[in-house]
Amino acid sequence: MTPSRHGKVAGVRWWRLRRNPLRRRSYLVEAWLLLAVWILAVVAAAGAGVWTVLAVERHIDALRADRHSVTAVLVEDAQRTVGTADGSDNYRATVRWTAADGTQAIGLARVDSSSKAGSTTHVWLDTEGRLVPDPPTATQGRIEGMVLGVWAAAGAGGAVLLGGRGVSGRLERRRLEQWDAEWTRIGPQWGHKTG
């Protein structure tokens, strides 16, 4: 440690790698461990983030490919249902549409608040002809992928850093135990103890 301009002790860079008769082998191991942990954390974070973004986009593309829109006619006026968590109101109505086999199908769908009986709307169906929620748009899919990718990257990088910190702490405890054992052995040679 060297004094800084402000009177505080400043750390010496790369002190674990410098030659010093007091340097223990565990310092060198810890230095290489820290370097490896940081590199692995960056690689893991980038890999997890990119993989998550691609997985979410593939999932949303599959949803969009699995669903198709059809025109439906409202059988009744739109009715307000319980508000959603974001404070907006939901409006639903019974709608009728023509299925792929030509039969008439009826179901309850989310509609605009101003929809009246007899007006038309678009509803989404799955491959079996059941009503399903609207699939996310490409922009919504990208945003969801990026948000989840950032969380996955932070989790993967954080897990690697946490694991590295655990190994570093174990090395430090081992070093302290060695110092304690050496002090116990050498301390009495210094004469009488004070304190």
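Helices (H or I, at least four residues) and strands (E, at least two) are taken here as DSSP runs, numbered from the N terminus. The model is predicted, so local features need pLDDT of at least 70 and side-chain atom pairs count only at pLDDT 80 or more, while totals for chains, interfaces and linings use all residues. Residues are numbered from 1 along each chain as its sequence is written, and side-chain values use heavy atoms, with hydrogens and water left out.

The protein chain holds two helices and eight strands, and reading along the sequence gives β-β-α-β-β-β-β-β-β-α. Of its 195 residues, 24% are buried, that is, under 20% relative accessible area with a 1.4 Å probe, protein chains only.

What about the inside? Ala93 touches, including others, Leu74, Asp77, Ala78, Leu108 and Val111, a contact being heavy atoms within 4.5 Å.

As for open space, the largest pocket is lined by 14 residues, with Ala109, Arg110, Val111, Pro133 and Asp134 nearest its centre. A pocket is an open set of points on a 1 Å grid over the protein atoms alone, where a 1.4 Å probe fits, with protein on both sides within 12 Å along at least five of seven lines; lining residues have an atom within 4 Å of a point. β7 gives the most to this lining, with four residues.

Definitions and conventions:
Buried < 20%, exposed > 50% of the residue type's maximum accessible area, 1.4 Å probe, protein only. Lists of a residue's contacts leave out its neighbours within four places in sequence.
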